[in-house]
Amino acid sequence: MNITVNGVNLFYEVYGHGKELILLHGNEETHEIFLPIINELKKQYKIYAIDSRNHGKSEMTTIFDYEVMANDIKEFIEVLNINNPHLIGFSDGGIIGLHLSLSEVQIDKLVLMGVNTKTEGLLDSFINEYIDDLNPYNQMMFNQKEITKSMLNKINNEVLVMFGDNDLIKKEHQTYINENIEKSKLIILNGHDHFSYLSDISDSLKIIKSFLK
């Protein structure tokens with residue numbers, strides 16, 4: 001399906017029935033990265049799986065900005081009259097989820113998977129490898145506006161902060177995010193990197209189900 005919001009055409013799929021749940025993928029991905037999770041959660045939730053602007057089947061633009069992307073999703077929620085949905089955001093999708101939690105749109109429980117709030121939260125080795133790459137997707141990661149400590153302090157949602165123990169996010173930054181969101185719970189998945197807990201959901205799924213219920 002397609003919808004025009006915030007001046008951009010977004011592609012999305014709807015699965016299942018029940019409490020509404022929005023899924024936001026990461027950098028240079030599509031909603032399909034969530035298919036293993038969708039196949040399980042659609043039994044309990046009405047899922048909106050969205051391709052972000054400049055991704056998948058959504059419209060390509062010249063604007064690569066997390067706050068603009070958050071406004072896309074804010075209008076998506078408003079236009080479709082989605083009431084107080086849960087949200088799962090992976091990587092860049094988690095950054096968008098944080099911006100949404102700071103807006104006037106009502107989000108219920110928020111699952112953040114492999115998220116950072118500033119460039120310095122990424123591993124130095126990753127930054128050094130890609131920071132000079134002029135690919136706009138990479139530059140969006142490195143030029144992102146920081147979500148500050150005071151901003152994190154304002155988030156009132158129940159938040160699940162999830163990482164792999166070999167994630168691209170520094171361990172101290174993972175702790176920093178958890179400590180500065182009042183109603184947050186930090187889960188570290190042993191044996192997982194930044195991507196593996198989405199492809200192999202045997203560990204992450206039961207944690208997500210327990211948190212969202």
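## Strand β3 and its neighbours

Strand β3 (residues 19–24) is mostly covered, with five of its six residues buried; buried denotes under 20% relative accessible area, exposed over 50%, and partly exposed in between (1.4 Å probe, protein chains only). Helices (H or I, at least four residues) and strands (E, at least two) are DSSP runs, numbered from the N terminus. The model is predicted: local features require pLDDT of at least 70 and side-chain atom pairs count only at pLDDT 80 or more, whereas totals for chains, interfaces and linings use all residues. Residues are numbered from 1 along each chain as its sequence is written, and side-chain values use heavy atoms, with hydrogens and water left out.

Six bridges pair β3 with β4 in the parallel sense, where pairing requires that DSSP finds at least two bridges between two strands. Within this pairing, Leu 23 has Ala 49 of β4 as its bridge partner. Between β3 and β4 the chain passes through helix α1 (residues 35–41), giving a right-handed β-α-β crossover; right-handed means that, with the strands pointing away from the viewer, the path from the first strand over the helix to the second runs clockwise. Strand β5 (residues 86–90) also runs parallel to β3, joined by four bridges, and His 86 in β5 stands opposite Leu 21.

## Salt bridges

The count of salt bridges is eight, the criterion being a side-chain nitrogen of Lys or Arg within 4 Å of a carboxyl oxygen of Asp or Glu. One of them joins Asp 108 to Lys 19, with the closest N and O atoms 3.1 Å apart. Asp 108 lies in the loop between α3 (92–101) and β6 (110–113) and Lys 19 in β3, so the pair ties together parts that are 89 residues apart in sequence. Asp 108 is partly exposed at 25% relative accessibility, and Lys 19 is likewise partly exposed, at 30%.

Arg 53 and Asp 72 form another salt bridge, with a closest N and O separation of 2.7 Å. Arg 53 belongs to the loop between β4 (45–51) and α2 (66–79), and Asp 72 to helix α2, 19 residues apart; both residues are buried. Glu 67 and Lys 145 meet at 3.9 Å, N to O. This pair links helix α2 with the loop between α5 (136–142) and α6 (149–153), across 78 residues. Glu 67 is partly exposed, with a relative accessible area of 33%, whereas Lys 145 is exposed at 54%. Glu 40, Lys 43 and Lys 209 are linked in a salt-bridge network.

## Aromatic contacts

Eight aromatic pairs are counted; rings of Phe, Tyr and Trp (its six-membered ring) pair if their centres lie within 6.5 Å, and planes under 30 degrees apart count as stacked, over 60 as edge-to-face and the rest as tilted. Among them, Tyr 12 and Phe 76 are edge-to-face, at 4.9 Å centre to centre and 90° between the planes. Tyr 12 lies in strand β2 (residues 8–15) and Phe 76 in helix α2, 64 residues apart.

## Charges over rings

A charge sits over a ring if NZ of Lys or CZ of Arg is within 6 Å of the ring centre and within 35 degrees of the ring normal. Lys 109 lies over the face of Phe 211, at 5.5 Å from the ring centre. Lys 118 lies over the face of Tyr 176, with a distance to the ring centre of 5.4 Å.
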